[in-house]
Amino acid sequence: MHLSVVSSLDSQCREAATTRLGRTHRDSVVVLHDLLDGSIVLRRIFRNGELVEQGQTTLEHGCLSCTVRLDVVPTAERLASSGHDHIVLGLPPGVSVDMAVAELKRGLERPAVIDNAVLAIDPSGLEDHIWDKHTLYESGFTAMPDDERTSGEFFIGELGHADTVMVHAGLGAELAGLRPDSSEAWAQGLELLGQLAPHAAISASDDDFRPGCYDGAEALARVRRGSVRVPLEEESGSFRTVLHKVERPLHPGRFQEALPKLAEGCHWMRGRLWIASAAKVRIAVQGIGPRVWLESTGEWLADAGTGPVPDGKGLQHGKGFPDVDAALDWHPRFGDRGTVLAVTGRGEDLDAAEIRALLDGCALSEAEMRLGFAGLDDPFELESTL
């Protein structure tokens, strides 16, 4: 059984993407799921562009994960048992590909190959989504009042996991009879996609599409908290990405003062921090539009007594768990400890020299290093998370 999984916030973009994917195999079937008010799941199944089945299910606890587990997975199993070799799953708006893939692998009784993880989007609205402070529920994308994700957070997460981004005019543009693909906002949205997801193939309706390129292990490595992936070219059109690394621990007070300046004007900030007041804690930082947060991801590998070791194919974590970032950035003195930060935004809003100077100014001096880390305030209260 082969599966192609499509996530989106726009029904028009989703249907265009699933239709294209349905043409990649002779015996494809396309399934669209929607979670409606009242915990009602609407399921539609298409073959060769024709609707062949439509049904509704009322869930006792209507949430996105329940929709996937109790309807998407059983539907895929049923269609596979009927002889369909390729199933295209158009997920309900707001359902992430990584959650759906995890549930499919856990719930399917037969082996399945994920051919593609696809994000369907109208790029002309991407920048506005990133800066929108409203939740998915407040914006009407999901029927779950407790869904506190913003549309920007959803898209950044999906861009990390997807191998392909299919671009298409959204429902609003279609209803208004507009052609956003000829607009400046569309062109700039494509430029922004190149900075946010340099690994992904960006495909318009008339572009060639490469099926079967999903790599689950690489997708998980990309979305691991604190990991950093940047485009080969720092700048593309109106947008740029600035990457900076600091070997020494950061002074907590100076970093607290610098953080708002680092985040200002950033569409996306991501990375990992080594803060002296919580020296054993690998801290992930993420900023998406107006939101910025820090979280503990556990101990550094060096503090856990492990490190990258040769395994005949490359470098691996000493316990056998691959950690590409740690292997590539391993320091002879500090191990995997260190600060790596990348910020993406409009070129006129990001001053690379200022960003690097701010981070360098947060690093402990030689004198502070000799004094050790004891006695430093922990304004982010991260030490207690271990």
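Leaving aside neighbours within four places in sequence, D122 is in contact (heavy atoms within 4.5 Å) with C13, H168, A169, G170, A173, P180 and W186. The model is predicted, so that local features need pLDDT of at least 70 and side-chain atom pairs count only at pLDDT 80 or more, while totals for chains, interfaces and linings use all residues. Residues are numbered from 1 along each chain as its sequence is written, and side-chain values use heavy atoms, with hydrogens and water left out.

D122 lies in the loop between strand 6 (113-121) and helix 4 (126-131), where helices (H or I, at least four residues) and strands (E, at least two) are DSSP runs numbered from the N terminus. The side chain of D122 forms a polar contact of 2.6 Å with the side chain of S124, and it also reaches the backbone nitrogen of G170 at 2.8 Å; a polar contact is a pair of N or O atoms within 3.5 Å, of which, within protein, one must be able to donate a hydrogen and the other to accept it, and residues adjacent in sequence count only if both atoms are side-chain atoms.

Elsewhere, six strands form an open sheet in the order 9-10-16-11-12-13, with antiparallel pairing, two strands being paired if DSSP finds at least two bridges between them. Strand 9 (235-236) and strand 13 (291-299) stand at the edges with a single partner strand each, so one side of each is left without a neighbour in the sheet. Strand 11 (residues 266-273) pairs with strand 12 (residues 281-288) in the antiparallel sense over six bridges, and M269 stands opposite G287 in strand 12.
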